[in-house]
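Please open the model in a viewer and keep the selection tool at hand. The stops below are to be taken in order.

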Amino acid sequence: MPAPLDTPRKAAASKADKEVLFKSVTLALIGLVILLAPYVARSTSVRDLMSQAALVGWFALVLGIAFGVQYGMRRAKAGRPKP
């Protein structure tokens, strides 16, 4: 008799992977918008405000990249066959 497949476990892992990818893309986009906003803003007050938020933009961008690396590592680990 063949062993049952672990489809509920794989489905949960796939959902978690998709959530990490979503977080990665969202945070990276937020970081890029915050970092690029001072260069495209027309108002000087908005430009000054967004330039003061550069640290937050860098943090969001780095965190988004970190989530992307975590997603890549999860996918690489899932793609490897078990010995």
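Begin by selecting Asp 17, which counts as buried at 9% relative accessibility. The coordinates come from a predicted model, and every value in this tour is to be read accordingly.

Arg 74 counts as partly exposed, at 31% relative accessibility. Side chains of opposite charge can pair when their charged atoms come close. Here the side chains of Arg 74 and Asp 17 meet in a salt bridge, with 3.5 Å from N to O. Because Arg 74 belongs to helix 3 and Asp 17 to helix 1, the pair ties together parts that lie 57 residues apart in sequence. How many salt bridges does the structure hold? It holds one.

Now move to Ala 54, in helix 3, which covers residues 54-79. Ala 54 is partly exposed, with a relative accessible area of 27%. Select Ile 34 as well and draw a C-alpha to C-alpha distance: Ala 54 and Ile 34 are 6.7 Å apart in space and 20 residues apart in sequence.

For the last stop, select Tyr 39, which is found in helix 1, residues 7-40. Is Tyr 39 buried or exposed? Tyr 39 is exposed, because its relative accessible area of 69% lies over the 50% cut-off.

How values were computed: Residues numbered from 1 in each chain as written. Predicted model: local features only at pLDDT ≥ 70, side-chain atom pairs only at ≥ 80, totals over all residues. Heavy atoms only, no water. Helix = DSSP H or I, 4+ residues; strand = E, 2+ residues; numbered from the N terminus. Buried < 20%, exposed > 50% of the residue type's maximum accessible area, 1.4 Å probe, protein only. Salt bridge = Lys/Arg side-chain N within 4 Å of Asp/Glu carboxyl O.
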